Amino acid sequence: MNPPYDLLIVDDDPTQIVVLGAMLRPFGQVRFAKRGADALRLARQSIPDLMLLDLQLPDLDGVAVLAQMRRSPLLADVPVVVLTGTDPVAAGRSVSGLGVAACLPKPPDGPALAACVQAQLQLALRRLAQHRPRGSGEQVSAFNRRSFDLLLALACQNLPHDGPLALLRLAPAAASPACCDAALLERLAQAVRSAARRPGDCIGHLGSEGLALLLPDTDEHGAACVTHQLLQGPGGAAELAAGFVVLTADAAGSGAVLPSMLMGAAEAAWQAARAAGPGQARQVVWHPGVGAGRPLPVPGPGVPPGDAV
């Protein structure tokens, strides 16, 4: 069974927050923010499956919040339902072009709101299931942990039919692994989006633990190139460590490879890189019938993978 959804309510009216929270709690976790700046901070800390956004807020208005979200590498694809105390048609025109899923009046009708939220969550799941390594030129997308785990599971299932699969783990090489604030996650996501440019490449938001990057149809050399590009980018080598694992159909062997096994291998590679210090990278080789091996240094740019020492 999939974990519950994460919904973010943005409204400065405490009564509306209580009412909306009661309506939406059956869908899963409900968070709330009373100001636009707080909404953006919370969303960057943990990407919501859906945001309900009031257009009239005390600091940033809803239009400004939407505009910042659509420019963000983390939040560009988050579905947003707008709530408005004015005419929903006029409100819809004010947010035209900002990717709003629906505009509903305040206070919302309970069944209508539930149906709208349910429809948007199901639509997001269908889009997730259709996510493939070769897309149509769209930008690399970012997903919360729940959605990223589903994408990783789909990639593992499709492994016999697709090329090699790389999973990269990226976070600061700091003393504490839980050290990524919202601003740092935004910078990391922007760097990842610059390094991974194919539509099938997926950013996984791991909260305070950093980011993961799913690279379909990517061998060891390709994963090493992306890793070095990330570490050598602006401010990268000064603070980051990276680890990755590459899985091929042959390496997977006859046994099923679980997403948790791949994530564990990438985590082990990152921990080894972190222990080596900032700017370091390590890789884990997956052996047929055995699984993940010990973390190894990643060869430098232009060095064949087999020549790493």
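These are my notebook entries on a predicted model of one protein chain.

**Entry 1: ground rules.** I number residues from 1 along each chain as its sequence is written. The model is predicted, so I take local features only at pLDDT of at least 70 and side-chain atom pairs only at pLDDT 80 or more, while totals for chains, interfaces and linings use all residues, and side-chain values use heavy atoms, with hydrogens and water left out.

**Entry 2: the whole chain.** I looked up the secondary structure and found 10 helices and 12 strands. Helices (H or I, at least four residues) and strands (E, at least two) are DSSP runs, numbered from the N terminus. The chain has 309 residues, and 48% of them count as buried. I use buried for under 20% relative accessible area, exposed for over 50%, and partly exposed for in between (1.4 Å probe, protein chains only). Of the contacts (heavy atoms within 4.5 Å) between residues at least 6 apart in sequence, 65% join residues at least 24 apart.

**Entry 3: Arg 31.** I found Arg 31 in strand β2, residues 28–33. Arg 31 is buried, at a relative accessible area of 15%. A polar atom of the Arg 31 side chain lies 3.1 Å from the backbone oxygen of Leu 42. Leaving aside neighbours within four places in sequence, the contacts of Arg 31 include Asp 6, Leu 8, Ile 9, Leu 42 and Pro 48.

**Entry 4: helix α6.** I checked the span of α6, which has 13 residues (145–157). From first C-alpha to last it reaches 18 Å, close to the 18 Å expected at 1.5 Å a residue; the expected span is 1.5 Å times one less than the number of residues. Among the buried residues of α6 are Arg 146, Phe 148, Leu 151 and Cys 156.

**Entry 5: cysteines.** I searched the whole structure for disulfides and found zero, the criterion being a pair of cysteine sulfur atoms within 2.5 Å. Cys 202 is buried at 1% relative accessibility, and Cys 225 is partly exposed at 37%.

**Entry 6: salt bridges.** I found eight salt bridges in the whole structure, each requiring a side-chain nitrogen of Lys or Arg within 4 Å of a carboxyl oxygen of Asp or Glu.

Lys 106 pairs with Asp 11, the closest N and O atoms being 2.9 Å apart. Lys 106 lies in the loop between β5 and α5 and Asp 11 in the loop between β1 and α1, so the pair ties together parts 95 residues apart in sequence. Lys 106 is partly exposed at 22% relative accessibility, whereas Asp 11 is buried at 0%.

Asp 59 and Arg 35 meet at 3.7 Å, N to O. Asp 59 is in the loop between β3 and α3 and Arg 35 in the loop between β2 and α2, so this pair ties together parts 24 residues apart in sequence. Asp 59 is partly exposed at 29%, and Arg 35 is partly exposed at 39%.

Glu 186 pairs with Arg 44, with closest N and O atoms 2.9 Å apart. Glu 186 lies in helix α7 and Arg 44 in helix α2, so the pair ties together parts 142 residues apart in sequence. Both Glu 186 and Arg 44 are buried.

Definitions and conventions:
Polar contact = N/O pair within 3.5 Å; in protein donor to acceptor, adjacent residues only side chain to side chain.
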